Amino acid sequence: MAKSMININSCLQEIFGAAIQAAYPDLENPPLVVTPSQQPKFGDYQCNSAMGITQILLKTKEQKVSPREIAEKIAKNIPANECIAHVDIAGPGFINVHLRKDFVSKQLRSLLINGVQPPALGKRKKVVVDFSSPNIAKEMHVGHLRSTIIGESMGRLFEFAGYDVLRLNHLGDWGTQFGMLIAHLQDKFPDYLTVSPPIGDLQAFYKESKKRFDTEEEFKKRAYQCVVLLQSKNPDFIKAWELICDVSRKEFQKIYNWLDITLVERGESFYHEMMKDIVKEFEDKGFVQVDDGRKIVFVPGFSVPLTITKSDGGYTYDTSDLAALRHRLREEKADILIYVVDSGQVRMPTSAVFAAGQMIGWYDPKVTRVAHAAFGVVLGEDNHKVWAVEIPAGSSDVCPGCAWHMWHPRQRVDAFCLLRRWSFWLSVFRKKFKTRSGDTVRLLDLLEEGLKRAMDKLKDKERDKVLTPEELKAAQTSIAFGCIKYADLSHNRLNDYVFSFDKMLDDRGNTAAYLLYAFTRIRAIARLASIDEQMLRKAAREEVLTLDHEKEWKLGKCILRFPEILQKILEDLLLHTLCDYLYELATTFTEFYDNCYCVEKDRQSGQIVKVNMWRLLLCEATAIVMARGFDILGIKPVQRM
C-alpha cells in the first residue's frame with residue numbers, strides 16, 4: 001500500500017488523457033478537463049473534454065461531430081484502472097465518473113495508517129519565499145500583517161509538499177535614514193560605545209531624529225557625514241548601526257514568536273557589497289544609459305527605467321533588489337522564487353526588476369518560476385469608497401519627484417513619479433485600517449487586542465469554569481492568533497478585506513473559531529467513547545470502511561480531495577482555497593455526524609451500547625486532515641476548548 005496520498009483528480013486526468021489519445025491519436029494537445037461533480041446525481045467527478053474536442057475537430061479537420069458522440073468514444077477507450085467503477089454520459093457530452101468504493105476505502109485506510117503524506121514530488125526543488133520585510137527603527141504595523149501571514153503559510157505549504165524552502169526577511173536595514181539615527185544616538189547617548197543605550201521606544205527615537213533632520217541644518221549636515229562613515233565601514237558607526245538594528249530585531253521577534261513565524265534575516269545591508277558588481281554587469285552588457293548623472297536601465301515593457309546609480313554615485317532600492325534577485329537565483333539556486341508583496345509594488349518596482357533579471361539572462365521563465373504573490377490592503381470596518389481625481393501636471397498641490405502619494409483638499413490621490421513627471425491612477429480607493437487618531441495600527445497592539453477579545457469570548461461561554469488555567473491560556477492563544485490568520489487567509493489575497501474582530505471571532509460560518517471548535521468536538525468523540533489512539537491504529541489495519549451510507553460516502557470523498565486542493569494552491573498561490581476546503585470538510589462532517597451514529601447510547605441510562613468503529617475512523621481521518629490544513633495555515637488547534 002502506497003504511503004503517499006493519491007491525487008484522485010490527477011489519476012483521472014491520466015486515465016482520460018490515455019483514453020482521449022487512444023480515441024483521437026491525431027489530435028495535438030487535446031483539452032483535458034476533469035473536475036469534482038457538484039451534485040451526487042452526476043457521479044463523483046466529471047470529464048468535460050468532449051465539447052472542446054468538438055471545436056478542435058471542426059476548426060482543424062472540418063469534421064462536425066457531436067460532443068456526445070465524442071464522449072462515448074472516449075468512454076469506450078478508458079484503460080483498465082483501480083479507481084473508476086463506471087461512467088455514464090449526460091447531456092451534450094459530460095462524462096460522469098463514479099468511483100469504486102473499495103478504492104476510496106483503501107485510500108482512507110492508507111491515510112489512517114500512514115498519516116497525511118503528500119504525493120511524491122520527484123526532484124526536490126529549492127523555493128525562496130520573500131515576505132514580511134519591515135524597516136529597522138520603525139514598528140511593524142497592520143500593513144505588515146498580510147505579507148507575514150501569507151508568506152509563512154506559503155513556506156509551510158511548500159515544505160509539506162517536499163520542497164527545500166528558504167524563508168527570507170528582506171529587512172530595510174540600510175540607507176540614508178541611518179545617518180540621522182546615528183547622529184541622534186551620538187547626541188542622546190554619547191557613551192553608546194561602552195554603555196548599551198536604553199532605547200525603549202525606537203519609534204519615538206526615529207521621530208525625534210527625523211524632526212531634527214527636517215529643522216536643524218547643522219544636524220542634517222552631520223547626518224549626511226554619518227551616512228558616509230557608515231558606508232565606509234567605520235567601526236564606531238557600524239557599532240551604532242548594529243545597536244539600532246538589534247533594538248528593532250527584538251521587537252520584530254516578539255511578533256514573530258507570537259505568530260509562530262520562521263524567517264532568515266537578509267536585509268538590504270547583506271547585498272550592499274554586491275551592488276558594484278550589479279552595476280558593472282549591466283554596463284558590460286550595454287544596458288546602462290546616463291541621465292542627469294544617474295545610471296538608468298530601460299526594461300522592455302516598462303516606460304519608467306530602473307535607476308541603479310544616483311547622480312551622487314549612491315545606490316538605490318532598484319540596485320538592492322537586483323542584487324537580491326541575482327543572489328537568490330545564482331547563489332541559492334532557487335527553482336521557484338516568490339515575493340509576497342502588496343499590489344502596489346507589483347505595478348512597477350519589483351515587476352521591472354524581474355524583467356531586468358530575465359533580460360540580462362539570470363533566469364529563463366520557462367525553467368525558473370519567479371512570481372509575485374500580491375495582496376490587497378487591510379481595511380477598517382468604517383471603510384468607504386473615495387473617488388480619485390486627476391490633478392493637472394504642474395499643479396501647486398503636486399510635490400515633484402519625491403513622493404508616492406500626496407493629499408488633495410478633499411480626497412486622496414495616488415501618484416507615481418515618471419522621471420519627475422506625475423502620472424495618476426484614476427480608481428476607487430477605500431479607507432485603510434487606522435486608529436481613531438488616523439495613525440497606522442501597530443501590529444503589537446492589534447495582537448494584544450486579539451488576545452483580550454479571545455479571552456472575553458471564552459469567558460462569555462464560561463469556558464474558564466471548565467478548563468484549567470493552562471488549557472484556558474492555550475485556547476485563548478489558539479483562538480486569537482488563529483482567527484487573525486484565518487480571517488486574512490480565507491479571503492482571496494488579491495482583494496482588500498475588512499478587518500473585524502467581531503466577524504473573525506464568530507463561531508458560526510467560515511471562521512477559524514468555528515473550525516477550531518469543530519475540530520475539538522471531532523477529537524472528543526473517540527475520547528468520550530474511551531477509544532484511544534492505539535485502538536484507532538489497530539482498527540485502521542483491521543476494519544473495513546464500508547461507506548454504505550450516502551453521508552459516509554460524501555465525507556470519504558471530501559477527505560481524499562485534500563491533495564488536489566494543495567496541488568491547485570501550489571500552482572496559483574491562492575490560500576483561500578484551502579480555507580474553503582476546510583470549511584467544506586467541517587460542514588460535510590457535521591452532515592455525516594447528524595445522520596450516522598458513531599457511538600450509540602442507551603436512551604435511559606446514557607451508557608454506551610455500541611461503537612461503530614468504521615465511523616470513528618472517518619472521524620479520525622477528518623481530524624488528521626484538518627490538523628494538517630491548520631498546520632499549513634499556521635493555526636494551532638487545542639484538544640480542549
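What volume does the second largest pocket have? The second largest pocket has a volume of about 550 Å³, where a pocket is an open set of points on a 1 Å grid over the protein atoms alone, with protein on both sides within 12 Å along at least five of seven lines, and lining residues have an atom within 4 Å of a point. A volume here is the space filled by probe spheres set on the points, with grid points joined across faces, edges and corners.

Before selecting anything, note that this is a predicted model, in which local features need pLDDT of at least 70 and side-chain atom pairs count only at pLDDT 80 or more, while totals for chains, interfaces and linings use all residues. Residues are numbered from 1 along each chain as its sequence is written, and side-chain values use heavy atoms, with hydrogens and water left out.

**Stop 1: the second largest pocket**

Select Ser37, Pro40, Asp44, Lys554 and Lys557, which are the closest to the centre of the second largest pocket among the 23 residues that line it. Then colour β4 (94-99), α19 (550-560) and α21 (576-595), each of which supplies at least two residues of this lining; helices (H or I, at least four residues) and strands (E, at least two) are DSSP runs, numbered from the N terminus. The largest share, 6 residues, comes from α19. By class the lining divides into 7 nonpolar, 7 polar and 9 charged residues, with Ala, Val, Leu, Ile, Met, Phe, Trp, Tyr, Cys and Pro counted as nonpolar, Asp, Glu, Lys and Arg as charged, and the others, Gly among them, as polar.

**Stop 2: the antiparallel sheet**

Strand β4 also belongs to an open sheet of 4 strands in the order β1-β2-β4-β3, with antiparallel pairing, where two strands pair if DSSP finds at least two bridges between them. The edge strands are β1 (34-36) and β3 (84-90), each of which pairs on one side only, and the twist averages 25° from one strand to the next. Between β1 and strand β2 (residues 45-47), which run antiparallel, there are 3 bridges, and valine 34 has cysteine 47 in β2 as its bridge partner.

Contact means heavy atoms within 4.5 Å, and axes are lines fitted to C-alpha atoms, for helices over the stretch in contact, with angles running from 0 to 180 degrees between N-to-C directions. Helix α3 (residues 67-76) lies across β3 and β4, and runs at about 165° to β3.

**Stop 3: the parallel sheet**

Move on to the 5 strands that form an open sheet in the order β7-β6-β5-β11-β12, with parallel pairing. β7 (264-265) and β12 (369-375) stand at the edges with a single partner strand each, so one side of each is left without a neighbour in the sheet. Strand β6 (residues 164-169) pairs with β7 over 2 bridges, and the bridge partner of asparagine 169 is glutamate 265 in β7. Helix α11 (residues 317-330) lies across β5 (126-130), β6, β11 (336-342) and β12, running at about 150° to β11.

**Stop 4: positive phi values**

Most residues other than glycine have a negative phi. Alanine 137, in the loop between β5 and α5 (143-160), has a positive phi near 75°. Is this residue buried or exposed? At 1% relative accessibility alanine 137 counts as buried, whereas lysine 333, with a relative accessible area of 59%, is exposed; buried means under 20% relative accessible area, exposed over 50%, and partly exposed in between (1.4 Å probe, protein chains only). Lysine 333 sits in the loop between α11 and β11 and has a phi near 55°.

Next select the hairpin of β8 and β9, which has 2 residues between its strands and, in the turn, aspartate 292 with a positive phi of about 55°. Strands β8 (residues 288-291) and β9 (residues 294-297) pair in the antiparallel sense over 4 bridges.

**Stop 5: the cavities**

The structure holds 2 cavities of 30 Å³ or more, a cavity being a set of points where a 1.4 Å probe fits but cannot get out. The largest cavity has a volume of about 70 Å³, and residues that line it include Lys3, Met5, Gln107 and Leu560. Helix α4 (residues 101-114) provides the largest share of that lining, 3 residues. The second largest cavity holds about 50 Å³ of space, with Ile150, Asp488 and His576 among the residues that line it.
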